[in-house]
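This report covers one protein chain, shown below. It takes up a pocket, the fold, the nonpolar core, a hairpin and a few backbone angles in turn.

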Amino acid sequence: IKITNADIFLHTKARVVLKSSLNECDILKSQNHILFARCLFVGAVLIDQYCNPLTDICLETVQAQIDDIAAKVRKFLKSKNPRHPSLTSKAGEVSQEVTEVELQRQVLDAMNYVLYEQLKYKGNEADYYNSLNSYIRQVLIHRTGIPISLSVLYLTIAKQLGVRLEPVNFPSHFLLRWCQGTEG
């Protein structure tokens, strides 16, 4: 394998961008969970772009795919609760944070139905260590991934629908914590 100056430049640029994004995320996590969730999503797209430089991976395209999933969740949610506060925002917009636990549960139930029953997202048990499981665009295409990539997808959609989740690094696992109510 021949490494070119362009490869070195791309690698250096990606490292700088990712390092800057991670530093920004640490600051944002303590200040605003919505911006932090956005940082995780953008970071996932940046990693995908960096690791797949010959593929056209655009933040807006990936965001549009997530917006489509969120729209499906809103549609299902509307069939269960036509007055749900998460229905007031439009596609691509972040709903105002839902603070009532029962309303949050309705969003999570709708997300679980759409993602796992309707769209059939799942962990890739057959080929868990395949690097494609780590790239957000591939997760959206194949509807399989590993816990961290599926969690970024789930967290991003929940954020759009006004439900606060936080990532939890558990030994040998990656989980999401539901921040119930207003306190979390």
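## Pocket, core and hairpin

About 250 Å³ of space lies in the second largest pocket. The lining of this pocket comprises 16 residues, and those closest to the centre are Tyr116, Pro147, Leu150, Ser151 and Leu176. By type, the lining residues divide into 11 nonpolar, four polar and one charged. H6 and E4 each supply at least two of the lining residues. The largest share, five residues, comes from E4. The model discussed here is a predicted one.

### Overall fold

The protein chain contains six helices and four strands. Read from the N terminus, the order of its elements is α-α-α-α-β-α-β-α-β-β. Of the 184 residues in the protein chain, 39% count as buried. Among contacts in the protein chain with a separation of 6 or more, 55% are between residues 24 or more positions apart.

### Nonpolar core

The largest nonpolar core has 32 residues, and Met111, Tyr121, Leu153 and Ile157 have the most contacts inside it. Two or more residues each are given to this core by helices H2 (33-51), H3 (59-80), H4 (101-118), H5 (136-142) and H6 (147-160). H6 provides the largest share, seven residues. In soluble globular proteins, nonpolar side chains tend to be buried together.

Which residues is isoleucine 157 in contact with, leaving aside its neighbours within four places in sequence? They are Ile66, Ile69, Ala70, Val73, Met111 and Leu115. One of these, Met111, is also listed among the core residues with the most contacts, as is Ile157.

### Hairpin of E3 and E4

Strand E3 (residues 165-170) and strand E4 (residues 173-178) run antiparallel and are joined by six bridges. Two residues lie between the strands of this hairpin, in which serine 172 takes a positive phi near 65°. E4 is also the element that gives the second largest pocket five of its lining residues.

Asparagine 169 has its place in strand E3 and stands opposite phenylalanine 174 in E4. Is asparagine 169 buried or exposed? Its relative accessibility is 68%, and the residue counts as exposed because the cut-off for that class is over 50%. The C-alpha atom of asparagine 169 is separated by 9.5 Å from that of isoleucine 148, which is 21 residues apart from it along the chain.

### Positive phi values

Most residues other than glycine have a negative phi.

| Residue | Phi |
|---|---|
| Lysine 120 | near 65° |
| Arginine 143 | near 60° |
| Serine 172 | near 65° |

Lysine 120 is found in the loop between H4 and strand E1 (122-123). With a relative accessible area of 52%, lysine 120 is exposed. Arginine 143 lies in the loop between H5 and strand E2 (144-145).

Methods
Residues numbered from 1 in each chain as written. Predicted model: local features only at pLDDT ≥ 70, side-chain atom pairs only at ≥ 80, totals over all residues. Heavy atoms only, no water. Pairing = 2+ DSSP bridges. Core = buried A, V, L, I, M, F, W, Y, C linked by side-chain atoms within 4.5 Å. Buried < 20%, exposed > 50% of the residue type's maximum accessible area, 1.4 Å probe, protein only. Contact = heavy atoms within 4.5 Å. 1 Å grid on protein atoms, 1.4 Å probe; cavity = no way out; pocket = protein on both sides within 12 Å on 5 of 7 lines; lining within 4 Å. Points joined across faces, edges and corners; volume = space filled by probe spheres on them. Nonpolar A, V, L, I, M, F, W, Y, C, P; charged D, E, K, R; others polar.
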